[in-house]
Amino acid sequence: MASAREEILQRIRDAKVPPARPVVRGYDRTGPGGVELFAERVADYRAIVHTVTSVPDALKALAGKRIVAPQGVPHEWLIDGVTWLREPLSIEELDRADGVLTGCAVAIADTGTIVLDGGEAQGRRALTLLPDYHLCVVRVDQIAASVPEALQRLEPTRPLTFISGPSATSDIELNRVEGVHGPRTLEVLIV
Amino acid sequence: MARNPVTWLGSPTFPKAAKEALQDTQLRQNLRKATGTIRGRREAAVAEMTDWEQLRVAGEQIKDDVLARLDTLLVQLEESVTARGGVVHWARDAEEANRIVLDLCRAEQADEVVKVKSMATAEIGLNEALEAGGVHAIETDLAELIVQLGDDRPSHILVPAIHRNRSEIREIFQRRMGVEVSDEPADLAEAARVYLREKFLTTRVAISGANFAVADTGSIVVLESEGNGRMCLTLPETLITVMGIEKLVPTWQDLEVFLQLLPRSSTAERMNPYTSVWTGVTPGDGPQRFHLVLIDNGRTATLTDSVGRQALRCIRCSACLNVCPVYERTGGKSYGSVYPGPIGAILTPQLVGDLHDPQAASLPFASSLCGACFEVCPVRIDIPSVLTHLRAEVVEAKGRTAESVAMAAAAWMFREASRYEKAQKAGSLARFLARDGKITSLPWPGSKWTSSRDVPAPPAESFRAWWRKNRG
């Protein structure tokens, strides 16, 4: 008896689907972009957005908190007065943290999205998932105008997380409610 | 061969189920409110895009290309996933897929697994199969949890508990979680968060579906809102992903089309809160064992039908449900399948693949052919044409009759929207032939029909025209 794999592939070939027309990409691959648009669209998801000139100054608001700081977070971000939690961290330790501070890989102006790829200042995925508060620093040069531009900048084989606002659900009468399993507060610092 | 669990055993035919559902005024109220909300929001989300039509065309063409090269692309996907440390399994039908997943759970000695909402696993009846094998599957999506705790069935692709309003949900939560909770959506969401938190932190095996799989990189993509998906895709040691063989896109670049089409069509957002992408296994981050189960379950049979195969372009956004006047009134459960609404009416009978199954064969008739579903479909599935094509096949299967000739003619007419509109205008002329609202004789080929029955006179304005004017 043929394996499931061989049988499925053979059935596909037997279906004799004719070749498709070439794909016409007539859609807009760029977009207006810009910091203002990004800030406005992030805020639309009821995330908190600030445009700042100094990250360390903006972080003073974290005083007294226990905040996860992934590997690669710039040294000057680790200001005094905050208990910085560093890897290795257990699931329980992450769950008990007050929040997490990260950078990002790319951001998207058109959709108000930030993308993490596990690189510098982002850490593994669990770090930005278990703490209830996520503070993400976005550099202006990281903001792509559109979804197509952002995908082009990303390395697809890295573990990627696209984040558009805080955790939410539309499952009750199709109305959006913020805050389910992921961080209930998302704050974005644009530098 | 075992029956395909895509339809629920013992479901009545659509007209019978619909008649019953129409008596339920609470259901109709819940649905009208929910679909009305989402229709307006989707329209606004789409109106903001100047290139929406171009994106739809690209989405259609990319998916057609996938169907034309499915064998090559699947082999390519298998290679890329395997190269990155994943294991690929193939399943001809639901039974085979369920056995593979159960064996994987047993190998991990798991008696409990957490699940991300997945149409593919609902289609194959995975939860029931796992339960029978001693493995309890916990649904973690809020709406799926409402359905599971309420011992209920899903009625919508995106929001399986759309038929429940907030006070009904409150009642289910109080009864099954043993907690006091108000009917505020935020409080209900909080109750679900607390209820599931410990499960996420301790369960070692997760099961997910996939929205897309990228053939050339082996990347799997899951879109979600709540973060339950991220929990399942990140915390457990083992991840099992079940997906239909048609869920492919050829390249990473192709995602740029679907990541724009899907959120706006589905939840009417510019972007859904969370999208996760992973490729095989990443040391030190997320599950260290990854299994991908590719399921056929009627898809290759659907592929052989040159008109019907376009249903395989579907990206499960559920926009067609939200605009459908029939769905809004009868609800999803009347369709007797995990795939309700217009897309269900063409996908379910094709996956079942038996025109003599009275329930599945009744589904292509569950439509007024108003065409609203085609207009909102992000991958331009011409649902009315496929409906009439399948109606003709159902009738044909019963033997060649006047009805089958009429259905074949209708199928030809519906294949072109312009042809249909012209025919409708001609139909309005037929009002002049009618007496007492009935036409007793039509010229050929209509005579084949009127020789055995009267035809009600067409209304002055077609439903399609009315819908466009009032609801479109």
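A polar contact here is a pair of N or O atoms within 3.5 Å; within protein, one must be able to donate a hydrogen and the other to accept it, and residues adjacent in sequence count only if both atoms are side-chain atoms. The model is predicted, so local features need pLDDT of at least 70 and side-chain atom pairs pLDDT 80 or more, while totals for chains, interfaces and linings use all residues. Residues are numbered from 1 along each chain as its sequence is written, chains are lettered from A and ligands numbered from 1 in the order written, and side-chain values use heavy atoms, without hydrogens or water.

**View 1. The ends of helix α8 of chain B.** Helices are DSSP runs of H or I with at least four residues, strands are E runs of at least two, and both are numbered from the N terminus. D141(B) caps the N-terminal end of α8(B), with a side-chain oxygen 3.2 Å from the backbone nitrogen of A143(B). After α8(B) comes D151(B), which has a positive phi near 45°.

**View 2. The covered faces of α8(B).** Seven of the eight residues in this helix (142-149) are buried (under 20% relative accessible area with a 1.4 Å probe, protein chains only; exposed is over 50%, partly exposed in between). Among them are L142(B), E144(B) and L149(B). The buried residues pack against β10 (168-172) of chain A, and against β3 (136-139), α9 (166-177) and α10 (185-202) of chain B.

**View 3. H389(B) and its partners.** H389(B) sits in helix α19 (residues 383-397) of chain B and counts as buried because its relative accessibility is 12%. Its side chain makes a polar contact of 2.9 Å with the side chain of D305(B).

How values were computed: Contact = heavy atoms within 4.5 Å.
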